[in-house]
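Hi everyone, thanks for making time this morning. I'd like to walk you through one model, strand by strand and charge by charge.

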Amino acid sequence: CQRILYVGRADPPARDWRTIQCSLEGIRVSNAKNRDALTRMPQPVPVDEAAKPDTAPIDLGHVVEELVAARRWLRTVIDHMPAMVGYWDRDLRNRLANRAYREWFGRDPAEMAGMHIRDLLGPDLFALNRPYIRAALRGVVQQFDREITDAAGNVRHSQAHYIPDINEKGEVVGFFVLVADITERVRAERALKAEYERTDALSRRLRVVSHVSASVQRLDPDQVQAVVTDALGQLGYEGSCLAVLTGATTFMPMHGRGPFEAFNGRTLPLPGSSTEAALRQDGALVVSDYQTSPWATSEGTSTGVRTIVATPVRGEGTVFGVLHAGHLTQREIFNEDIEALTLLAHMAGVAMANAQRHALLKQQSDVDAHEARTDALTGVGNRRQADELLAHARPGDVLVIADLDHFKRINDTYGH
């Protein structure tokens, strides 16, 4: 039977049997002839109006327009997102990409269609991301951070999300990619961390300096030197020592710590050394790479020290030596580091000057006390010394009294 398919409304207009023709068992049927033959044809079964299928005419042109508009709208949305948006199938072939890929990888979205993800990322980055890709294809959402060098050569910090695409059968057919640029956030976090570390270091410096300041007031010079070099270790330096001047052309490292310990008590030449260079500086001497510096000596390079900071130790106009601090690797030296070292050197210088003055005063006091108890002419103890001795005399002590005849004449001649 040749049938005529009607595509139209659910309730077609009144049937015009004159316009419908059907071939049934080779018989031509029309409204004009053999109307009785129509009784032999299957009659339509009444259908409830609510159960009738929606067979409204489909305007394919309008549908295509809507699809194109929806695609254009989707493209506009993803192209204006501040992140890379893409889709990769199970074979790791690209099916969708926004224009952000052009900024990151220099690839146009149209060019990427069907491209393997390895060809986009390159072998190194693909190897790094492969574990996350495999996990996404197992149906596990992935999130990770990565440094990427973009098409312009700029290093960007990114945060990537791989979101599995799971169909109605529970199969993973691909995964969506969302990669956001978090460079500014990372920079801010690093700057905040650096500021925190510097603040913490400054607080630690203040505690160390305060402790040293309280200690040097009651210590002798040697103990002061030990406290100061120990304090540099607490400030994070791997090596420290106090180079004490022992002459016009020599110095002696004292209380060396770390790599400087091997030189304790050794007399070393001053000319050409970092100690001499520090003495000529108005401020602290900072050497970023001692091994290649003009002041490198065979003794100094043998320590393996790379970065050194040195500042003179002065007190009351006297130069006692140079305070050294160093690292075995190249380090950045901040102003706070120099200030702390300079302050420690100043305290050491003041303490050493005070100790020196105290020693001179003690020496003078001892001289005065000796002169007060002895006769200047003969060096024999005088009556003051005799009184002191008698005051401490104990039972059993022996007292000898000698009378020298005519001594008055000698005293009158030579004692005045």
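Let me start with a term: I call a residue buried under 20% relative accessible area, exposed over 50%, and partly exposed in between, with a 1.4 Å probe and protein chains only. Please keep in mind that this is a predicted model, so local features need pLDDT of at least 70 and side-chain atom pairs count only at pLDDT 80 or more, while totals for chains, interfaces and linings use all residues. Residues are numbered from 1 along each chain as its sequence is written, and side-chain values use heavy atoms, with hydrogens and water left out.

Now to the salt bridges, meaning a side-chain nitrogen of Lys or Arg within 4 Å of a carboxyl oxygen of Asp or Glu. By this rule the model has 11 salt bridges. Take D89 and R95, whose closest N and O atoms are 2.8 Å apart. Here R95 is exposed, at 52% relative accessible area, whereas D89 is buried, at 11%.

For the next pairs I need helices (H or I, at least four residues) and strands (E, at least two), which are DSSP runs numbered from the N terminus. E184 and R187 sit 3 residues apart in helix α6, about one turn of the helix, and their side chains form a salt bridge at 3.2 Å, N to O. E184 is exposed, at 56%.

What about D230 and R257? Their closest N and O atoms are 2.6 Å apart in a salt bridge. D230 lies in helix α7 and R257 in strand β9, so the pair ties together parts that are 27 residues apart in sequence. Both are partly exposed: D230 at 36% and R257 at 26%.

Staying with helix α7, residues 221–234, we also find T229 there. T229 is buried, at 0% relative accessible area. Its C-alpha atom is 6.7 Å from that of H255, 26 residues apart along the chain.

Finally, let's look at strand β12. Of its 9 residues, 307–315, 8 are buried, so β12 is largely enclosed by the rest of the structure. Which strands pair with β12? Pairing here requires that DSSP finds at least two bridges between two strands. β11 pairs with β12 in the antiparallel sense over 3 bridges, with L285 opposite A310. β13 is also antiparallel to β12, over 9 bridges, and there I308 stands opposite G326. β12 and β13 form a hairpin with 2 residues between them, and E316 in the turn has a positive phi of about 55°.
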